[in-house]
Amino acid sequence: MRKNRPWLYSLFWIVVSFLTLFPIYWLFVISVKPAVDLFSTPDILIKSFYWQNYIDVLNDRTLRGYMVNSLVISTGNAVLCTVLGFFACYALSRFDMGGKESIFFWTITNRMAPPAVFLLPLFLLMTQVYRIGDFSLLDTRIGMILVYCTFNLPFAIWTLRPTVDGIPKELDEAAYVDGASPWKVITEVVLPLARPGLAVTLILTWVFAWNEYLLAATLTNFNARTLTTGLSEYVTTTGTEWGIMAAISVFTLIPALIVFGLVQKHIVAGLTFGAVKG
Amino acid sequence: MHSTKLGWLLLAPTLLVLFFFGVLPFIYVLYVSFHQWNPFAVNPDMVFNWAENYRRVVFDAQFLASLGVTAAFVFFAVISELILGYMLAQAFMKDFPGKAIFRTIHTLPLIMAPIIVGSIWKLMTTPSIGILPNLLDNWFGYDLNIGQSAIAAFVTTVIMDIWHWTPLVTLTLIAALVSLPPDPFEQAQIDGANKRQIFWHITLPMIRPAILATVFIRLMDALRTVDEVLMLTGGGPGSATRYVGVHIFKEVFPRTNYGYGSAISVVVLYLTIVACWLLYVGLIAPRNKKA
């Protein structure tokens, strides 16, 4: 009963894979079509490659700025969250602090709140309260880097905790006996051993920040706008430049695809917050 | 050996960042929600007005309608994902050629930005550009227009969510199925149990914890769906797909009536916490007690 016809399962999965991949393929089809061909009968196959949409996106000074913003914000946020998360996990793992497990769970709850609920509070705080003279955090890269910590820092703490807990305490203690300072122990004993976990955390926080749209759309106007917000600007009620929109989507998708290749095995555990082993 | 002072010092930056960007916003918004405040109105000052904003929220027909469609969306999306995900996970339990590649392809949508998923499905379903309206018209003579038909728009958002998130359910259930011990299944077969009996009496009870955890995560995620719907339908047509997050983004945020917007944010957060708590008490906690 169990051995018969394995190819039937393959066939079934070919159909499922087709359903998964076709919409992504269609995005690519639209991105290499000139605008004049868009409204004729849709062809499933690509007849010729028209790269002008991509060239237009790359030549657009505004969009290039958005790309740089996206890169700076996601990299800055990923590094900040990984470093702070690592320190926090070291503290939670090695010190007998009162109520540390409550603190651990409290950090996680920060990620549970729907981001839409954050919009108005963060906007008001950033315009009214978090400001020095004329400088407010609204529409700045550093502001966005800090705002993204609300969902990425809990994630970093959650994913790094098992890694840091898994490094034997005896190693720290041996180093302390040899007279090393706490800083040396953290950077030269624990850090190298935590490297694989840190890499996964860095990559996943990076992609979460890169993918974020809602907060970027409301907390930036021009200076710190990201690629995902640039995408939504191309959808208007008067007329959408479909080819450009598809090309921006492809540009936004590429880093995620690279990341996918790197940490595919960790994605499920990351998205379920480790609640289910993936 | 070393004091807990160092521990607090290492934890301090995290606590500070989360306090200023996670906690303080809500204390502030709670304060604002009890005030009449519109900086661009005739009277731009903040005036304390008791629970007037909350009274308006409770009778706000648009807000209540958005809660209703959110509930419908979450219900249909999560149920479909669970059934599909279980079937796909079962289809993955046999050995067949190309298994690893199929698994990789199946994981792919999970890493994609919600806004890109919205953009992809917009390109799929926009009349005359998308392939779907064209095929549906040719095959069934059905005119798919998510800009006009409320039900078509709603169903498309559900299908988009299924496309994006079923893989998460599949992969978590595969993990659960793989870890099951083979003995009970062999014993049941020897005893002459049929497939349906095995499913209801052995498989289902054994993977129940994994199913509940997955449902919990998917429900929480589905409740916060905004980006992809904003991109695909913008909450329309009318308010057919104006899910609660979309409502806040489209209606509450752009209006400068900050007091009222704050009250809605507080209510939505409160409802999310209650939903989360109910799910936990109803689904997760009884299972822990039994175990």
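**Working notes on the two chains**

Q: Where does B:Val29 lie?

A: B:Val29 is part of helix H1 of chain B. Helices here are DSSP runs of H or I with at least four residues, strands are runs of E with at least two, and both are numbered from the N terminus. This is a predicted model, in which local features need pLDDT of at least 70 and side-chain atom pairs count only at pLDDT 80 or more, while totals for chains, interfaces and linings use all residues. Residues are numbered from 1 along each chain as its sequence is written, and chains are lettered from A and ligands numbered from 1 in the order in which they are written.

Q: Is B:Val29 buried or exposed?

A: B:Val29 counts as buried because 25 other C-beta atoms lie within 10 Å. The cut-offs are 20 or more other C-beta atoms within 10 Å for buried, 12 or fewer for exposed, and partly exposed in between, with C-beta atoms placed from the backbone.

Q: What is B:Val29 in contact with, leaving aside its neighbours within four places in sequence?

A: With those neighbours set aside, its contacts are A:Leu120 and A:Pro121 in chain A, together with B:Ser262, B:Ser265 and B:Val266 in chain B. Two residues are in contact if their C-beta atoms, placed from the backbone, lie within 7 Å.

Q: And how far is B:Val29 from B:Ala89 in space?

A: The C-alpha to C-alpha distance is 44 Å, for a separation of 60 residues in sequence.

Q: Which residues does B:Leu6 touch?

A: Not counting residues up to four places away in sequence, B:Leu6 touches A:Phe95 and A:Pro182. B:Leu6 is found in helix H1 (residues 4–32) of chain B. With 16 other C-beta atoms within 10 Å, B:Leu6 is therefore partly exposed.

Q: How many residues of chain A are in contact with chain B overall?

A: The contact involves 78 residues of chain A and 78 residues of chain B. On the side of chain A that touches chain B, H1(A) gives the most, with 15 residues. That side divides into 59 nonpolar, 16 polar and three charged residues. Ala, Val, Leu, Ile, Met, Phe, Trp, Tyr, Cys and Pro count as nonpolar, Asp, Glu, Lys and Arg as charged, and the others, Gly among them, as polar.

Q: What are the model's scores?

A: The model has ipTM 0.87 and pTM 0.89. Chain A averages a pLDDT of 86, and 95% of its residues score at least 70; pLDDT is the predictor's confidence in each residue, from 0 to 100. For chain B the mean is 87, with 96% of residues at 70 or more.

Q: Moving to packing: at what angle do H1(A) and H12(A) pack?

A: Helix H1 (residues 6–31) and helix H12 (residues 242–271) of chain A pack at about 130°, with their axes 8 Å apart. H1(A) is therefore oblique to H12(A). Axes are lines fitted to C-alpha atoms, for helices over the stretch in contact, and angles run from 0 to 180 degrees between N-to-C directions. Angles under 35 degrees count as roughly parallel, over 145 as roughly antiparallel, 65 to 115 as roughly perpendicular and the rest as oblique.

Q: Which residues of H1(A) meet H12(A)?

A: From H1(A), A:Leu27, A:Phe28, A:Ile30 and A:Ser31 take part; the H12(A) residues they meet include A:Trp242, A:Ala246 and A:Val250. By class, this contact has seven nonpolar, three polar and no charged residues.

Q: What about H3(A) and H6(A), how do they cross?

A: The axes of H3(A) and H6(A) come within 6 Å and cross at roughly 40°, so H3(A) is oblique to H6(A). Their contact has 19 nonpolar, seven polar and three charged residues.
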